[in-house]
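Here are my notes for when you have the model open. I've kept them to a few spots worth a look.

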Amino acid sequence: MAKSNIISKEFNITTKDFRKTFWRSFTLLGTYNYERMEALGFNYSIFPELEKIYKDDPEGLKEALVRHMEVFNMTVAPSPFVMGIAIAMEEQYKRDPSNFDPSSINAVKMSLMGPLSGIGDTFFWGVFRILAAAIGCSFAASGNLIAPFIFLLLFNVPQFLTRWYGLKIGYYNGNEFLSNMQKSGKMNLFTYCAGIVGAIAVGCMIATQIALTCPLEFTISGTTIVLQEYIDQILPKLLPLTATLIVFYFLKKKVKVSYIMVALIVIGFICGVFGILG
Amino acid sequence: MEISIIQGLLIGLVAALTAIEGDFLGESKFREPLVTGFLVGLILGDPVQGTIIGGQLQLIWMGATGIGLSAQLDIGCGGTIGAAFALMTGSGVEVAVALGLPVSILMQSLNVLKMTALSGLMHKADSYARQGNTKAMARVHWSGFFIDLVEYTLPTFVAVYLGSSVVEGLVNSLPQWVLNGMSAVSVLLPALGFAMLMQILITPKLIPFFVFGFALAAYTDLGMLAITLIAVSIALVMYQLLSNQQSAVASKVDDEEDL
């Protein structure tokens, strides 16, 4: 591949290898299990680089493969960033084994799992997925077939970019980048500001996407009273908000999701039969 | 509606795609009802209705994020089977929910079994790692692909191909009051989804923004896109304000250290 750019001359690692790791990183959850979680997926993703780094050192390769069988678990989209760091550290170890403690590789991986999962969850589950689904659903409501494509695109463009640039940034200046972010407090600020978009979007969706109303009507001395009209005068969308906040309260109380769901089904069904909710 | 064996198998493959998406396609969201509704609609010859039902199911399962607590639901398979039955019986999202929900709970328990079994495979991978055999490790990794394929295609095919006439008879015989009840359940359930999203997202400092978003949507006719743009601008302004503040504090600290 003449086109491939050299990433590491010393170990003959090329853009082609990084491209392999990029695609392999999509299989991270392939053998997800309770014991090692994403370990094998992580390992598999960096095979191309490990095989080159330890080309003339079969013992070193075995050691590295065993090393990356340790538990690993994080939100998938930012995982290539950690892979980039791990590759850079493996190179470092190979270069100077006497001054480098290989257990620091796993230590760095472990230390990144929590914070990066937090950011990843906020962005990908909290922001991109909600926005993509909200916009997709508004197309779907009118039966517009563009809906699923819009949804997939809005979610996946950010995720592809995060994976590719995450891998590169992780490799070239992962450690430096992270310590800078953490020292300056930018990491928390970044997550907080993403949370602003997510919070506004969730508030907005509760108002627009939950169609809960009270269809009860009374006829008192000849005039029909529609209860929903009175509710709307207090606060439009009061019922969706109240229902969500009640459920949120029970979630905070650590009530199991399955219990809440059963309760909602029972309450909803009874209220539906008697025409209280609809 | 009678479906052919091919249609049944294709719907089974859509269900398998929802699992393979998570495991081998990097959670690229093919599992979401918006996508599966469209695909199932395409297979059954009514993509428009499929997309509409998919969109409605999407809102109900908005909070099923696959992380933490909500991993108790397999929305991929549940959404696929739910949408398929709703289309086959010519009914609405209530039927999709009523049939999809038990499926999503059932498949999740099957997944618990799968993940336990895969723990066993890890020891095999360990021994290959000690031999430095990356090819064999890759084989172990990809075996997960075939497990997904069989685990999802087979039960889904059986359910939609053999179950369609049973379900159709059942749905047609339901009295109006049951349908009213089911329809109320389908408008109430999204509350759970959004509450779960709040649980991941909303910290005390974000509550004002949550209220702002709700009020904006409840009192105005602004669409989702407009509100998103407003939200992004607010986030950018906040970022600038707060990072200036931070660097001001940081430089102050530096000055003091110099003294």
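**Notes on the predicted model**

1. β3(A) and β4(A) make a hairpin with two residues between them, and Ser221(A) in the turn has a positive phi of about 40°. The strands, residues 217–220 and 223–226, run antiparallel and are joined by four bridges. In one of these pairings, Glu217(A) has Val226(A) as its bridge partner in β4(A).

2. Next, the helices of chain A. The axes of α6(A) and α8(A), the latter residues 186–209, come within 9 Å and cross at roughly 35°. That crossing is left-handed. By class, the contact has 11 nonpolar, six polar and no charged residues. Among those taking part are Gly118(A), Phe123(A) and Gly126(A) from α6(A), and Gly195(A), Gly198(A) and Met205(A) from α8(A).

3. Then the core. The largest nonpolar core has 155 residues, and those with the most contacts inside it are Ala201(A), Val202(A), Ala96(B), Leu188(B) and Phe194(B). Helix α6 of chain A, residues 103–140, gives the largest share, 15 residues. Have a look at Ala201(A): it touches residues of both chains, including Ile130(A), Leu131(A) and Ala134(A) as well as Gly213(B), Thr228(B) and Ala231(B).

4. Last, Phe146(B). Is Phe146(B) buried or exposed? It counts as exposed, because it has 9 C-beta neighbours inside 10 Å and the cut-off for exposed is 12 or fewer. Phe146(B) sits in helix α6 of chain B, residues 134–172.

Definitions and conventions
Residues are numbered from 1 along each chain as its sequence is written. Chains are lettered from A and ligands numbered from 1 in the order in which they are written. This is a predicted model: local features need pLDDT of at least 70, side-chain atom pairs count only at pLDDT 80 or more; totals for chains, interfaces and linings use all residues. A nonpolar core is a set of buried Ala, Val, Leu, Ile, Met, Phe, Trp, Tyr and Cys residues joined through C-beta atoms within 7 Å. A residue is buried if 20 or more other C-beta atoms lie within 10 Å of its own, exposed if 12 or fewer, and partly exposed in between; C-beta atoms are placed from the backbone. Two residues are in contact if their C-beta atoms, placed from the backbone, lie within 7 Å. Two strands pair if DSSP finds at least two bridges between them. Axes are lines fitted to C-alpha atoms, for helices over the stretch in contact, and angles run from 0 to 180 degrees between N-to-C directions. A crossing is left-handed if the near helix is turned anticlockwise from the far one by less than a right angle, and right-handed if clockwise. Ala, Val, Leu, Ile, Met, Phe, Trp, Tyr, Cys and Pro count as nonpolar, Asp, Glu, Lys and Arg as charged, and the others, Gly among them, as polar. Lists of a residue's contacts leave out its neighbours within four places in sequence.
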